[in-house]
Amino acid sequence: MTDYWVRTMTEDGTVRALAAITTTAVEKARRRHGTAPTATAALGRTLTAAGLIGAMLKSGQTVTVRILGDGPLGGVLATGDAAGSVRGYVANPGVHLPLTPSRKLDVGGAVGRGTLHVTMDLGMRYPYHGSVPLVSGEIGEDLAAYFVRSQQIPSLVALGVLVSPDERVIASGGLIVQLMPGADNHTAAYLEERAKVLPTITSMVSAGRSPEEILDTALGEVRTRVVARQVVRFACRCSRRRVEGVLVSLGERELREIVQEQGQVEVRCNFCGRRYLLDEADVHALIERWGKREPGTGNGER
Ligand SMILES: [Zn+2]
């Protein structure tokens, strides 16, 4: 199934629900970063979280989700937007811990104790930032705590990544159900009861359920209508031009030194793992082009 998310709402606007399948995107992230299973699960859940928050945004807005814990992973970061692009990385991709007693990947143990940060660039002067202490480091629970404490929106969040014995991602997805202002107690109690018997996200995704079907299972008699659907892709904004811009900002002397010592310059994009290689001739051409530019023109990129 193609990765996509769906955003739905009840007719009266008191319940908002989103679900996403992210299997292909998370598998691509795993290959790009060479993550071991526990790191794959942590990165996949964070990418899915960023994708689902991205699904709440308007075109041009972006969200960055950062999980900063004291565990061996050493931090996970993912960004998402309304166009369905997600990207991200984990500080220590090689982390794999023994399974938990219930035979699950120990994401909480790998993340440790710390803080969840959510930063939304809504196109205003300053980005909107909120953070909460991690509840369990399992990321789904932590994101739910963020919605409750930082946005005052009671939320059910479920995120899951299933990794096969050969370390490939075979199922990944997520679900967010939120009680918006005006939701009545009966609906709240009903959704809470349903959440208790909800199958795991990975079991539903593995069984081939679509985001719409996952929402039906979570919502039961609460009827919502689809507001938007979007294909999800692991995609980065990096390019050779941007890399050249970063290199230019190092300064000519520094650049010449690197190329003299190493014979080439290699730049690896943190977000997507792509490698950019500039040999000596490339670097000299870059310095040449750069030298001809008027001072202060900049390259206009962030
Ligand atoms: Zn990149």
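Colleague: So, which strands form the open sheet with antiparallel pairing, and in what order?

Modeller: This is a predicted model, to be clear from the start. That open sheet has five strands in the order E8-E9-E2-E1-E10, and the pairing is antiparallel.

Colleague: Which ones are the edge strands?

Modeller: Strand E8 (155-163) and strand E10 (225-231) are the edge strands, each pairing on one side only. From one strand to the next, the twist averages 10°.

Colleague: How many bridges join E2 to E9?

Modeller: Seven bridges join strand E2 (residues 15-21) to strand E9 (residues 169-179), and the two run antiparallel. Ile21 has Gly173 of E9 opposite it.

Colleague: Which strands does H1 lie across?

Modeller: H1 lies across E2, E8 and E9, and runs at about 125° to E9. Helix H7 (residues 211-219) also packs on the sheet, where it touches strand E1 (4-9), E2 and E9. The direction of H7 makes about 135° with that of E2.

Colleague: Changing topic: what is the strand order in the open sheet of six strands?

Modeller: The order there is E7-E6-E3-E4-E5-E11, with mixed pairing. E7 and strand E11 (233-234) stand at the edges with a single partner strand each, so one side of each has no neighbour in the sheet.

Colleague: How many bridges do E3 and E6 pair over?

Modeller: Strand E3 (residues 62-69) and strand E6 (residues 114-121) pair over eight bridges, in the antiparallel sense. E3 is also joined to strand E4 (residues 76-81) by six bridges, and those two run antiparallel. Val63 is a handy residue to look at: its bridge partner in E6 is Met120, and in E4 it is Gly80.

Colleague: And what about E6 and E7, how many bridges join them?

Modeller: Six bridges join E6 to strand E7 (residues 128-133), which run antiparallel. One of the pairs is Thr119 with His129 in E7. The hairpin of E6 and E7 has six residues between the strands, and Gly123 takes a positive phi near 85° there.

Colleague: Which strands does H2 lie across?

Modeller: Helix H2 (residues 37-54) lies across E3, E4, E5 and E6, and runs at about 30° to E4.

Colleague: At what angle do the axes of H1 and H2 cross?

Modeller: They cross at roughly 135°, with the axes coming within 10 Å. H1 and H2 are therefore oblique to each other, and their crossing is right-handed.

Colleague: Which residues make that contact?

Modeller: From H1 there are Ala25, Val26, Ala29 and Arg30, and from H2 there are Thr40, Leu43, Gly44 and Leu47. The residues of this contact divide into five nonpolar, two polar and one charged.

Colleague: Last topic, domains. Where are the bounds of domain 1 and domain 2?

Modeller: The domain assignment gives domain 1 as 4-234 and domain 2 as 240-292. Their centres, taken over C-alpha atoms, are separated by 36 Å. Five residues from domain 1 and four residues from domain 2 take part in the contact.

Colleague: Which elements supply at least two residues each on the domain 1 side?

Modeller: Helix H1 (23-33) and strand E5 (85-90) do. E5 gives the largest share of that side, three residues. The domain 1 residues that touch domain 2 divide into one nonpolar, two polar and two charged.

Colleague: Great, thanks for the tour!

Methods
Residues are numbered from 1 along each chain as its sequence is written. This is a predicted model: local features need pLDDT of at least 70, side-chain atom pairs count only at pLDDT 80 or more; totals for chains, interfaces and linings use all residues. Two strands pair if DSSP finds at least two bridges between them. Helices (H or I, at least four residues) and strands (E, at least two) are DSSP runs, numbered from the N terminus. Domain bounds come from an automatic or database domain assignment. Two residues are in contact if their C-beta atoms, placed from the backbone, lie within 7 Å. Ala, Val, Leu, Ile, Met, Phe, Trp, Tyr, Cys and Pro count as nonpolar, Asp, Glu, Lys and Arg as charged, and the others, Gly among them, as polar. Axes are lines fitted to C-alpha atoms, for helices over the stretch in contact, and angles run from 0 to 180 degrees between N-to-C directions. Angles under 35 degrees count as roughly parallel, over 145 as roughly antiparallel, 65 to 115 as roughly perpendicular and the rest as oblique. A crossing is left-handed if the near helix is turned anticlockwise from the far one by less than a right angle, and right-handed if clockwise.
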